[in-house]
Amino acid sequence: MKHPSGYALIRRHLRRYPRSLRQHLLQELNRLVTYEPVIGIMGKTGVGKSSLCNALFRSPVCAVNAVEVCTRQPQRVRLHFGSHFLTLVDLPGVGESITRDGEYRELYRSLLPQLDMVLWVLKADDRAYAVEEQFYQDVFAQYSGPLPPVLWVLNQVDKTEPAEQWNWSSAQPSALQTERITQKQLAVARQLGIAEADIQPVSVRGRYRLSRLVEAMITRLPKQARSPLVPHLQNGYRTEAVISTASCSFGDAVVDVIDKVIDLAPLPQAARYALQTVTHTVARAARTVWSFFFG
């Protein structure tokens, strides 16, 4: 655990709570601070999953190898930065064979409850996504439990025709490429039956829209997973918008924790109401010390 000054500030605000609740609240707060997000990375071999993760996160994920097919078992990569951990689950690529895809469906269904988010990576220059469509319908659309949010990453948009018009110095597509990237987004959304906003066009090599992808991740992740992701991001992606969303979400998560503890405590209704009125004061204190925990 870090130096106690951040916790000390919150302890001061918890003095209004009964002694029996304070320790429980601090334990729950520590769980929020040390929460380890788990993100599943999906996509066929060669779509650029490793290079995307290496571009987003401070810790190197793995060597990029576009030729050799990786193991058919999920690869868990645990990233460590300071006192924070992040687990990436690199799921085997679909579309190798009908038999393999059948095995993967069961594998993915068993893993879904463990995931805070799925990044499903597609190649922008692929002509069709029939395999992904079938797999998404079979695994996600028919899943009976709560689903993790899915962000579809349309990768390598610098290859969108006419590829020679990509402006490498400004990291921007040409007007014609921009139009065709938008058309591709719409086509993928229609084919998969998903919202266009769930599709993030990016280019790792072209340094294009990676910060927008990170902002979408922070917005879609569960509240408790947002702040613990921030320390792992490359410096350029810890933008004001990302930090603002994460810190506000941390305060909201603290409110949820306090409300849950109060609801479960054997307290008179009047005492319960009095404690709930000061909950947001504690949440504001948590936002104040956000950088101490996650900065």
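**Figure 1. Parallel pairing of strands β1 and β4.** Strand β1 pairs in the parallel sense with strand β4 (residues 117-123), and four bridges connect the two. Within this pairing, glycine 40 has valine 118 of β4 as its bridge partner. The model shown in this and the following views is predicted.

**Figure 2. Parallel pairing of strands β1 and β3.** Strand β3 (residues 84-90) is also joined to β1, again by four bridges and with the strands running parallel. Here isoleucine 41 is found opposite aspartate 90 of β3.

**Figure 3. Burial of strand β1.** Strand β1 covers residues 38-42; five of its five residues are buried, so the strand is largely enclosed by the rest of the structure. In a regular strand, side chains alternate between the two faces of the sheet. In β1 both faces are covered. Val38, Gly40 and Met42 are buried on one side, and Ile39 and Ile41 are buried on the other.

**Figure 4. The largest nonpolar core.** This core contains 61 residues, of which Phe57, Met217 and Phe250 touch the most other members. The element that gives the most to the core is helix α9 (residues 240-264), which supplies nine residues. Apart from this core lies another one, made up of 31 residues; Leu107, Val118, Tyr129 and Leu154 are among them. In soluble globular proteins, nonpolar side chains tend to be buried together.

**Figure 5. Surroundings of phenylalanine 57.** Phenylalanine 57 is one of the residues that touch the most other members of the largest nonpolar core. When its neighbours within four places in sequence are left aside, phenylalanine 57 contacts Leu79, Leu86, Leu88, Met217, Leu229, His232, Leu233 and Gln234. Met217, listed among these contacts, is likewise one of the core residues that touch the most other members.

Figure 6. Glutamate 161 and proline 162 are joined by a cis peptide bond, with omega at about -5°. Proline 162 is placed in the loop that lies between β5 (150-155) and α6 (175-192).

Figure 7. Glutamine 156 is located in the loop between β5 and α6. Although glutamine 156 is not a glycine, its phi is positive, at about 65°. The relative accessibility of glutamine 156 is 15%, and the residue therefore counts as buried, the cut-off being under 20%. Alanine 171 is found in the loop between β5 and α6. Its phi is near 55°, a positive value in a residue other than glycine. Because its relative accessibility is 6%, alanine 171 counts as buried.

**Figure 8. Setting of the close-up views within the whole protein.** The secondary structure comprises twelve helices and six strands. The C-alpha trace spans about 65 × 45 × 35 Å along its principal axes. Of the 295 residues in the protein, 48% are buried. Among contacts with a separation of 6 or more, 69% are between residues 24 or more positions apart. The protein has an accessible surface of about 14300 Å², and carbon and sulfur atoms account for 51% of this area. The protein carries 35 positive and 26 negative charges, whose mean positions are 10 Å apart.

Definitions and conventions:
Residues numbered from 1 in each chain as written. Predicted model: local features only at pLDDT ≥ 70, side-chain atom pairs only at ≥ 80, totals over all residues. Heavy atoms only, no water. Core = buried A, V, L, I, M, F, W, Y, C linked by side-chain atoms within 4.5 Å. Buried < 20%, exposed > 50% of the residue type's maximum accessible area, 1.4 Å probe, protein only. Contact = heavy atoms within 4.5 Å. Areas by Shrake-Rupley, 256 points an atom, 1.4 Å probe, with all protein chains shown as cover. Lys, Arg positive; Asp, Glu negative; His and termini not counted. Charge placed at Lys NZ, Arg CZ, Asp CG, Glu CD. Pairing = 2+ DSSP bridges.
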